[in-house]
Amino acid sequence: MQKSTSRKSEVDFLHKRSKVKHILSGSREWQDFSILAKDCFLCFKSQGSILPDSMKSTFLFLMVLAVFSCKTSSPPESREEFIKGVYGNPGTLLEAGYSFDSLGMNAVFVRSGSLDREFYEISKKQGVKVFVEFPTLNGKEYLVDHPDAWPINEKGENAPPADWFMGICPTHSGFKEYRSNQLKEILNEYEVDGIFLDYVHWHAQFETPNPILPETCFCDRCTGAFAAVIDTLIPGITIPEKADWILKNADPEWRKWRVGVLNTWVEDMGAILKEYQPEAKLGVFHCAWYPADYDSALYRTMGLDPVALAERADVLSPMLFHKMKARPTAWVGEYVAWLGETLDVEKKGNPQIWPIVQSHNNPGIVSAEEFRKVMIEGSKAPASGIMMFSDQSLIEDPKKLEVMKELYSKRKPQ
Ligand SMILES: [Zn+2]
């Protein structure tokens, strides 16, 4: 009898929980909430059954609502220290005779190619977190020996390099295995504070005032995978014929599929990271365009949906390179505010936003004063960290080094 009463309460509880789940559906918050609610439920069960069934149900439902409202109203601020980092090859600062801690830094974001044991040990000794940049869909070195992974444009040709960048076909299984193994090697060798996925986009160039935005990838692998998803035999024999049909007849589905391919990359790399080092953060560097910029190229061409990225990553790092993109310094703070609102991070508490800002002098010259402004703009709420690019620019201009040191001596740049 006791058992069946408990069972009934549990059924009632689950029924009511499913209503709340419906409200939260699609949100990562549901996962946290579910754990909290489960804990409360177990706690309640362990107290024994002292309430009549009707009250028990009401009590449980109120408890669910209480957990829900607590979770949604608590601000994410300041459980962790504000991240103050340098991106690139920060070892050049050590070589120039500086130490990270004396510059006020508490983090380095090192390119995986610049990571070595000596750098890692010194960084840890100086008390800074080590985040490793991972060149996810940068195809340059892999394409040398694997031309079948080249991204194909709508004419059926190999897409030419987009300025200095060469992307890759993201459905090439050999390439994904290659990157997965590289990631595992890093994680076997180093205990990292996080992995930051870089170049998470289809072949394109966005780090210039005039972006290069080709249509890719129409290789047989990609169009075949897309055809399977939409369950349609794509008419045409040649690649240009198939590409033409897709762009004229299934454009929204094609864009959505492309976004999904990148989301899967983030999930797969994230799964490896969490399997090897569950505490490490998964970050994503991403193009900082507004959705309507360049004829909606963020979604349509780059294949990026910031909301979907936020559901899969612990940290988003918008690349707020104002000089490269010919934007005013105020744009940096405006974008951070927009991203925070769009992702509702104040309420949800995730993901964290750690912008990367420009000090680097190519393209253009960034003055020390301009650098100060973008550091302050990029640190505005809801950002919980910031990093600057690049270490080289600090060594070239001691005034910029002084700016960073002064700003990083505070809790956060302001
Ligand atoms: Zn392809």
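Is Glu402 buried, exposed or partly exposed? Keep that in mind for a moment. This is a predicted model.

Here is the reply. Glu402 has 14 other C-beta atoms within 10 Å. Buried would take 20 or more, and exposed 12 or fewer. Glu402 is therefore partly exposed. Where is Glu402? In helix H17, residues 398-408.

Next, a helix pair. Take H7, residues 173-189, and H10, residues 251-276. They pack at an angle of about 25 degrees, and their axes are 10 Å apart. Angles under 35 degrees count as roughly parallel, so H7 and H10 are roughly parallel to each other. Their crossing is right-handed. Who makes the contact? From H7, Ser180, Leu183, Lys184 and Leu187; from H10, Met269, Ile272, Leu273 and Tyr276. By class, that is six nonpolar residues, one polar and one charged.

Now the backbone. Two cis peptide bonds to show you. One joins Asn362 and Pro363, with omega about 0 degrees. Pro363 sits in the loop between strand S8 and helix H15. Another joins Phe389 and Ser390, with omega about 15 degrees. Ser390 is in the loop between strand S9 and helix H16.

Last, two tyrosines. Tyr199 has a positive phi of about 55 degrees, though it is not a glycine. Tyr199 lies in the loop between strand S4 and helix H8. It has 19 C-beta neighbours inside 10 Å, so it counts as partly exposed. Tyr294 has a positive phi of about 50 degrees. Tyr294 is in helix H11, residues 293-300. With 15 C-beta neighbours inside 10 Å, Tyr294 counts as partly exposed.

Key. Residues are numbered from 1 along each chain as its sequence is written. This is a predicted model: local features need pLDDT of at least 70, side-chain atom pairs count only at pLDDT 80 or more; totals for chains, interfaces and linings use all residues. Axes are lines fitted to C-alpha atoms, for helices over the stretch in contact, and angles run from 0 to 180 degrees between N-to-C directions. Helices (H or I, at least four residues) and strands (E, at least two) are DSSP runs, numbered from the N terminus. Angles under 35 degrees count as roughly parallel, over 145 as roughly antiparallel, 65 to 115 as roughly perpendicular and the rest as oblique. A crossing is left-handed if the near helix is turned anticlockwise from the far one by less than a right angle, and right-handed if clockwise. Two residues are in contact if their C-beta atoms, placed from the backbone, lie within 7 Å. Ala, Val, Leu, Ile, Met, Phe, Trp, Tyr, Cys and Pro count as nonpolar, Asp, Glu, Lys and Arg as charged, and the others, Gly among them, as polar.
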